[in-house]
Amino acid sequence: MYLANDSRYDKMKYRRCGKSGLLLPAVSLGLWHNFGDTANYANIEEMCFTAFDNGITHFDLANNYGPKAGSAESNFGKIMKEHFAPYRDELIISTKAGYDMWPGPYGDHGSRKYLIASIDQSLKRLGLEYVDIFYHHRMDPETPLEETMGALAQIVRSGKALYVGLSNYDGDTLTKASAILDEQKVPFIINQNCYNIFDRTVENNGLKECSGKLGKGVICFSPLAQGLLSDRYINGIPEDSRVKTDGRFLNEDRVNRMHEKILALNEIARKRGQTLSEMALAWILKDNVITSVLAGASRPAQILSNIRALDNIDFSDEELDAIDRISK
Ligand SMILES: NC(=O)c1ccc[n+]([C@@H]2O[C@H](COP(=O)([O-])OP(=O)(O)OC[C@H]3O[C@@H](n4cnc5c(N)ncnc54)[C@H](OP(=O)(O)O)[C@@H]3O)[C@@H](O)[C@H]2O)c1
């Protein structure tokens, strides 16, 4: 039986999620890759223990994380039952629905039918009575926003989630959704979007600015651009890297196209006394609109290294300019 480290809260920094009462660790752990049924279960356990032992209180899931879809929730549910149950009130567990999950017209997108069925399935896999944050995973232009937000409101009212989040929304849609949720007194507190040195979409689609204005938190997914912004691909493509083990979202072509930029960024990181991944996470955390970086991992050592990013999140103007020039 796992016993949490007594010094788990000594080093981690916690940031307020927008204007809400909720504090999140500056570094959170995402369970999209390496936590499903094709992963090594002992390693999954070790990664969860390492995270929590070092103050990472936030574990992020979605209905479809695997493979197979649902298995990351089931595996985390097993860890909850066998090891983390005594610590439930120290944990922020999130899940989502919005992508293809089961066959037919009711297993995808943003209908009330899909979202309410999906949270029930997720709670069953996780073995939990409630999740802390439930997200709509992506915008659905074909479903009235009122319907999707109404479903989120009902999920909170029925006690199945404490807070609501939106993922992959843009600034305009976020603003409209936020007004509906505010009117219904739903605790919508957080946006989850991709943000990293290479992907500046949230700076251009209004999401970052609107989140700040509305007092909502922002948690940034793929902060390492799935591993590109690390030392993983500096000397070729390792056999145990994401590119080789699951090339659906990151492939050799992209690594080869980005290689020169990776080397140039690595040089800036070296001069700062950081690894590239530490600098990439620090670059996001320098900004106080950001609540947390939601990093993935394939081994416990990566989680420890990601936490070290917090040792230096200050950048000179020269460093920022150089990073911008390289990333363009
Ligand atoms: N809302 C959404 O639509 C959405 C979409 C995507 C992700 N997410 C969330 O965001 C989380 C993170 O996404 P992501 O996995 O793409 O994030 P990421 O942090 O950009 O990439 C994680 C990968 O980077 C490598 N890595 C991590 N730390 C490292 C270190 N210290 N040194 C060297 N390499 C390191 C590992 O690659 P190797 O596996 O090759 O070792 C790891 O699997 C997901 O788990 C999920 O919770 C949400």
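## Gly55 and helix H1

Just past helix H1, Gly55 takes a positive phi of about 90 degrees. Helices here are DSSP runs of H or I with at least four residues, strands are runs of E with at least two, and both are numbered from the N terminus. This is a predicted model, where local features need pLDDT of at least 70 and side-chain atom pairs count only at pLDDT 80 or more, while totals for chains, interfaces and linings use all residues. Residues are numbered from 1 along each chain as its sequence is written.

H1 itself covers residues 41–53, which makes 13 residues. From first C-alpha to last, H1 reaches 18 Å, close to the 18 Å expected at 1.5 Å a residue (the expected span is 1.5 Å times one less than the number of residues). Met47, Cys48, Thr50, Ala51 and Phe52 of H1 are buried. Buried means that 20 or more other C-beta atoms, placed from the backbone, lie within 10 Å of the residue's own; 12 or fewer is exposed, and in between is partly exposed. Those buried residues of H1 pack against strand S3 (27–30), helix H2 (71–84) and H11, with contact taken as C-beta atoms, placed from the backbone, within 7 Å.

## Around the ligand

What about the ligand? Of the 31 residues around the ligand, Gly30, Trp32, Phe221, Gly227 and Gly296 come nearest (near means a C-beta atom, placed from the backbone, within 6 Å). Strand S10 (292–295) and helix H11 (300–307) are the elements that give two or more residues to this shell. H11 gives the most, with three.

By class, the shell has nine nonpolar, 18 polar and four charged residues. Ala, Val, Leu, Ile, Met, Phe, Trp, Tyr, Cys and Pro count as nonpolar, Asp, Glu, Lys and Arg as charged, and the others, Gly among them, as polar.

## Two crossing helices

The axes of H9 (residues 252–272) and H10 (residues 276–285) come within 8 Å and cross at roughly 90 degrees. Axes are lines fitted to C-alpha atoms, for helices over the stretch in contact, with angles from 0 to 180 degrees between N-to-C directions. The pair is therefore roughly perpendicular (65 to 115 degrees; under 35 is roughly parallel, over 145 roughly antiparallel, the rest oblique). H9 brings Leu265, Asn266, Ile268, Ala269 and Arg272 to the contact, and H10 brings Leu276, Glu278 and Met279.

The Gly66 to Pro67 peptide bond is cis, with omega near -5 degrees, and Pro67 sits in the loop between strand S4 (58–60) and H2.

How values were computed
Two residues are in contact if their C-beta atoms, placed from the backbone, lie within 7 Å.
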